[in-house]
Amino acid sequence: MAYAAFRSIGAYAPKKILTNEDLSKMVDTSDDWIVKRTGIKERHIAAKDETTSDMGVQAAKKAIERSGIHPNEIDMVVCATISPDYFCMPSTATIISNKLGLGNVTAFDISAACTGFVYILSIAKAFIESGMKKNVLIIGAEKLSAITDYTDRGTCILFGDGAGAAVISATENKDEAIIDIHTGADGTYADLLMTPNGGTGSPHDSLELEAGACFMQMKGNETFKVAVRTLTKDVVEILNDNNIESSKIDHFVPHQANYRIIKAVGDALKMRDEQVVLTVGKFGNTSGASIPMAINEVYESGSLKAGELMLLDAFGGGLTWGSALVPFSPLK
Ligand code: ACO
């Protein structure tokens, strides 16, 4: 039987930095409020002409180079994004695949908001374990600044741009395999986080387009409470299902939405500070890109070693959630 191994990671953050100080000149907020309530100090913002696929390509190039796998061997590309280059078609994955020169490989996007990376990891795992694909490039890429309302202090302080990518490959060695992935969703909370316009639920009509309706809208406080509850339940379940104690996790990589959410979940799991990966301070919430960007930080700091166990945990619009137990398994 083929197993799926997490071979490599790469990420990209655009050059421009938007600080809390900058935001306090745009909306009624302060560095003090943002840091205390979210842990965010700054976020990266893409250039005007820089697209989600441009960022995805940069992250993917690093992931492919570090994987030791030839680009010709990549047989599927899946992108998680809620800020695609084009809202209906073509998919951002096909654009990335073309820019990388990967040929006629299977390519598609999925929409699961901040849980996107865990969802595409589960898709890669399933395709590889079924024998249908051998080397899957997965990318979480977001230009959230393009769908953020910079007059709404409740959301604009949270989001940033960036991309992360990983190569997932078939292996016969069970020790290298992704151990388990849980994913779930509950549409009864759909209205907590949404971009109201543009779909068939509220079709585009340029004459009637409500101001701001193409931007993300969020009931932050309600979302916060459901996030803490759901994330904690989800990670406890995946650890219990696999008889793994939280102390055995080398790197807990939660979705980087809010330091207080991460702290609450980490405390519930009795995680030591050094187990918890934190990038929310420098990148803010980059939705589908947040987890791979965080893994990349650990990798580039030299702290992610072969065989170490990562616990991923995400939560986002939909509502969606997911967790994964993933050993880091680079090719020797
Ligand atoms: N600066 C100053 N004051 C603010 C700001 C701001 N930027 N934003 C809100 N406030 C005010 C509010 O108006 C309110 O004032 P009031 O008491 O006078 O009415 C007060 O601060 C408290 O507002 P809350 O919304 O209750 O603040 P909270 O502590 O919940 O923090 C936040 C808001 C940061 C948005 C938090 O709720 C949060 O992180 N929510 C979860 C986000 C999340 O995880 N989303 C899921 C993933 S995102 C995705 O899927 C794309």
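Start by selecting β11 (251-254) and β12 (309-316): these two strands run parallel and are joined by four bridges. Strands here are DSSP E runs of at least two residues and helices H or I runs of at least four, numbered from the N terminus; two strands pair if DSSP finds at least two bridges between them. Zoom in on F252, which stands opposite L311 in β12.

A word on the model: it is predicted, with local features needing pLDDT of at least 70 and side-chain atom pairs pLDDT 80 or more, while totals for chains, interfaces and linings use all residues. Numbering runs from 1 along each chain as its sequence is written, and side-chain values use heavy atoms, leaving out hydrogens and water.

Now widen the selection to the open sheet, ordered β8-β13-β12-β11 with mixed pairing. Its edge strands are β8 (180-185) and β11, each pairing on one side only.

Keep α7 on screen: it gives the largest share, seven residues, of the second largest pocket's lining. A pocket is an open set of points on a 1 Å grid where a 1.4 Å probe fits, with protein on both sides within 12 Å along at least five of seven lines; lining residues have an atom within 4 Å of a point. Nearest the centre are L158, M218, G220, F224 and N258.

Last stop: select T81, I82, F87, S111 and T195, nearest the centre of the largest pocket, which has 29 lining residues.
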